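Open the model in your viewer and keep the selection tool at hand. Each stop below tells you what to pick and what is there.

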Amino acid sequence: MRRILIDDRIKKLAAEYVKKLPLVAGEVKADLKNLADDLKKESTEILICTPVEGKKAKGKSSIRKKMRPDAIEAANAEQSLKDKQEKFKSVHHKGSEYLRVSEYVEKIVEKYDNLNNMLPSKFDECISNINSALKDVAVDDIWVKFKGNKDKRPLYEVIVDVMGYDKVRAGLMPNYVKKLEIRSCVYCNAQYAMTTLIEDVHEKIKTGKRGRPKEARIIPLMGGYYELDHNKPKSKYPFLCTNFYNLQPCCGSCNKRKSAQDLPFSFYYEDGDPHPTPLHFALSPQDVIDFHTKGKCRGIKAFLCDEDKPGQPVVTKKDGTLAERFNYIFGIDKIYAEHEDEIEELLWRNRIYTKGIMEATIKQFEKLKIDGFDFDRYILGTYAKKDEVLKRPLTAMKQDVWEQLIKVE
C-alpha cells in the first residue's frame, strides 16, 4: 500500500537484526551443513511429488463458483497439496536427485552469511543461483523422510525449521516492527498490526571470570498482535524465510488471503526504484463535484487506483495491474466500502475548516501551548505525514482523499 525507503537507518536496523539473529535462531549455518549431510545418507528417503493429472474434486465445482476468488485460490491450493500427497516418486539413493537436493542446501550454506540482510534488488540473482541446483524440480515438490521419523515432510518446511523462522517471528521481529513504528497492515492499511511489551524479564548474567558474581539485567519481552507475511513465499524460497526485508507485518486476514501467491509489491524500496507509491485512493470526480456544488457527503466511497491511472477505479483481476491484483487478493475496495462514514467526516472537515477558520484556529492553539501539537494531524484525524502512514489504520485513504479534495478547492 505504502512503501518504506531503505535508507541508512533501515540498513542499520537490518544489520542489528542479523547480529542478534544467532541469539534466537542458534547456529543456523552449522545446522544447515548437518542437514545437507543428512540428505546424502542412504537412510534418508527423498520423494518427488507428481501431481495427479486432470483430477477434479468431486462435487466441488458448483460450490466453488459461489466462492470468493481468494477462497477459490486457497481451496485449489489445498486440493493441489492433497493431490501431490497421493502420488510420490521415490528417488533412488544413487540417482542424481539425491545429490541435487543436498547441493541445494549447500548453496544456501554458501550464501547464508549475506542472506538475512540481502537487499530486495539482489533476490532474483540469489534465487536463480540457489534454485539452479534443483534444475527443473520445484522445492515445494520435494518431500523427505529421515531415519527414525514416521512421516515425510516437505523439504521447504525442514529448511524453514532449521533456519529458526518460528523463533525469529516470536522472539526477534516484534522488537523491529516496533522500531519501524508499523502499527497497521502493510497490505490493506485497514486493520491494526501491533507489537506490545508483555513483561520485563529479569535474567542474571556472568560479569567476569569464573567465580565472579552475577549481575541482573532487564530484557524487554515483546509480543505481537500481527502476522508476518513473506513477500517471497517461504514455500518457494525457504532460504529467504528470515531475510529482514522479506518479512512484512500484516493482519491475519491479508496474510491468509495472500498465502503463497506471488505479488509484485514490497513495502521496502531502494533508491531508483520506480513508483515508490504505486497505489493510492481516490473519490469519483463526480462525487467530488457533487460535494462542492451540492454539499453531498453521504454514501461516497473511496476506491483503489494505480498511480499511473489517477482517479480510475479498477476491476478485480488475478493477473492485471497492481491495483487490480490487490483487489483480487485482498478485496481492498470491498473493505473500504464499509468505511464511508470516515469519508463523510473528511468532507465535513474540508467544508468547515476554511482558510480563515484554519488561520484563526492555529493562532488559538498557539496560545494553549499543547505539547507536540500537530494541527494537520488534528484536522485530518490521523497522521498527516506520508512517512507515518503505517502508524494507524485508514491513514493512507484519508491522506489521499484529503489531498484530492484540497486540489479541487
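Start at the surface. Select Leu 368, Ile 370, Phe 373 and Tyr 378: together they form a nonpolar patch with about 370 Å² of accessible area. Patch residues have over 30% relative accessible area and no salt bridge; like charges are joined within 9 Å, nonpolar side chains (Val, Leu, Ile, Met, Phe, Trp, Tyr) within 5 Å. A salt bridge is a side-chain nitrogen of Lys or Arg within 4 Å of a carboxyl oxygen of Asp or Glu. Areas come from the Shrake-Rupley method with a 1.4 Å probe, and for residues only the protein chains shown count as cover.

A note before moving on. This is a predicted model: local features need pLDDT of at least 70, side-chain atom pairs count only at pLDDT 80 or more, and totals for chains, interfaces and linings use all residues. Residues are numbered from 1 along each chain as its sequence is written, and side-chain values use heavy atoms, leaving out hydrogens and water.

Stay on Tyr 378. It is found in helix H16 (residues 375-380). Helices (H or I, at least four residues) and strands (E, at least two) are DSSP runs, numbered from the N terminus. Tyr 378 counts as partly exposed because its relative accessibility is 39%. Buried means under 20% relative accessible area, exposed over 50%, partly exposed in between (1.4 Å probe, protein chains only).

Now find the open sheet. Four strands make it, in the order S3-S2-S4-S5, with antiparallel pairing. Strands S3 (88-91) and S5 (153-154) are the edges; each pairs on one side only. Strands pair if DSSP finds at least two bridges between them. Strand S4 (residues 142-145) is joined to S5 by two bridges. Pick Val 144: its bridge partner in S5 is Arg 153.

Next, select helix H7 (residues 155-162). Six of its eight residues are buried, so H7 is largely enclosed by the rest of the structure. What do the buried residues of H7 pack against? Helix H2 (28-40), helix H5 (96-115), S4, S5 and helix H8 (165-171). Contact means heavy atoms within 4.5 Å. Just after H7, Gly 164 takes a positive phi of about 75°.

Last, the rings. The whole structure has 19 aromatic pairs. Rings of Phe, Tyr and Trp (its six-membered ring) pair if their centres lie within 6.5 Å; planes under 30 degrees apart are stacked, over 60 edge-to-face, the rest tilted. Select Tyr 104 and Phe 239: their centres are 6.2 Å apart and their planes at 65°, so the pair is edge-to-face. Both Tyr 104 and Phe 239 are buried.
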